[in-house]
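Please look over the sequence and the model shown below before reading on. The report is meant to be read beside them.

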Amino acid sequence: STGNMGVGRLYDNTNLPPNTLSVGNSDAGTNTVLYPVRISRISTGTAAVGLGVGLEFESEGPAQAGVNYVGSIMESVSVAGTNAGNTRYDIVLKNYNGAAASEVARFTSNGGFTTTSSLAAGTTVSVNPGAGGTVTVGGTGGVSTTDGPINAGGATGAVTANTTVSA
């Protein structure tokens with residue numbers, strides 16, 4: 001016995017699970033996705049916007065024997081809805097910041113992405129909003145560059161601003 005536990009049709013006496021907990025499934029499909037894991041949350045109260053379910057990733061802190069931290073969290077959180085036709089969920093990513101795990105990024109139900117922190121120096125960000133789409137950059141810092149151009153291309157090829165655009 002390895003001390004590992006396998007759940008699903010992949011594991012038997014000859015096919016032992018490789019991890020502490022392994023979950024798997026098999027079928028004859030060659031180009032489909034299987035969902036061997038579902039994590040559910042059901043409220044005993046009246047569900048409201050903000051109800052969700054998540055995964056926590058915990059490990060021992062560097063050079064801190066026996067001190068564990070929830071380093072990262074991934075959540076699926078309801079952001080709107082009263083029926084199947086208008087219910088929406090965001091995926092929220094949180095990382096430990098020295099005090100608690102707090103939100104650093106969010107994938108929104110409408111396909112958007114937001115981040116709560118600055119991007120690292122040298123990071124290239126590429127956004128293609130599609131035909132007729134809009135890219136909005138917010139915050140108090142605005143859009144600026146010191147080591148390269150701000151380019152706009154495509155059908156309209158225009159950069160617009162509510163303030164001054166300088167070259």
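## Basis of the model

This is a predicted model, in which local features need pLDDT of at least 70 and side-chain atom pairs count only at pLDDT 80 or more, while totals for chains, interfaces and linings use all residues. Residues are numbered from 1 along each chain as its sequence is written, and side-chain values use heavy atoms, with hydrogens and water left out.

## The chain as a whole

The chain has seven strands and zero helices, where helices (H or I, at least four residues) and strands (E, at least two) are DSSP runs numbered from the N terminus. Along the sequence, the pattern reads β-β-β-β-β-β-β.

Of the 167 residues in the chain, 8% are buried; buried means under 20% relative accessible area, exposed means over 50%, and partly exposed lies in between, with a 1.4 Å probe and protein chains only. The accessible surface of the chain is about 13,400 Å², and 51% of this surface belongs to carbon and sulfur atoms; such areas come from the Shrake-Rupley method with a 1.4 Å probe, and for residues only the protein chains shown count as cover. Among contacts between residues at least 6 apart in sequence, 13% join residues at least 24 apart, a contact being heavy atoms within 4.5 Å.

## A nonpolar patch on the surface

A nonpolar patch on the surface, with about 1,100 Å² of accessible area together, is formed by Met5, Val7, Leu21, Val23, Val37, Ile39, Leu55, Phe57, Met74, Ile91, Phe107 and Phe113. The elements giving two or more residues to this nonpolar patch are β1 (5-8), β2 (21-24) and β3 (52-60).

## Aromatic pairs

The structure holds two aromatic pairs, defined for rings of Phe, Tyr and Trp (its six-membered ring) whose centres lie within 6.5 Å, with planes under 30 degrees apart counted as stacked, over 60 as edge-to-face and the rest as tilted. Tyr69 and Tyr96 form a tilted pair, 5.0 Å centre to centre and with 50 degrees between the planes. This pair links distant parts of the chain, since Tyr69 is in strand β4 and Tyr96, 27 residues apart from it, is in strand β5 (residues 88-96). Tyr69 is partly exposed at a relative accessible area of 24%, and Tyr96 is partly exposed at 32%.

The rings of Phe107 and Phe113 have centres 5.0 Å apart and planes at 50 degrees, so this pair is tilted. Phe107 is partly exposed, with a relative accessible area of 41%, and Phe113, in strand β7 (residues 113-115), is partly exposed at 48%.

Ser78 lies in strand β4 (residues 68-80) and is buried, with a relative accessible area of 8%. The side chain of Ser78 reaches the backbone oxygen of Ala48 at 3.4 Å. Not counting residues up to four places away in sequence, Ser78 touches Ala48, Val49, Gly50, Leu51, Arg88 and Tyr89.

The C-alpha atoms of Leu51 and Arg41, 10 residues apart along the chain, are separated by 8.3 Å.

Terms used:
Patches are made of residues with over 30% relative accessible area and no salt bridge: like charges are joined within 9 Å, nonpolar side chains (Val, Leu, Ile, Met, Phe, Trp, Tyr) within 5 Å. A salt bridge is a side-chain nitrogen of Lys or Arg within 4 Å of a carboxyl oxygen of Asp or Glu. A polar contact is a pair of N or O atoms within 3.5 Å; within protein, one must be able to donate a hydrogen and the other to accept it, and residues adjacent in sequence count only if both atoms are side-chain atoms.
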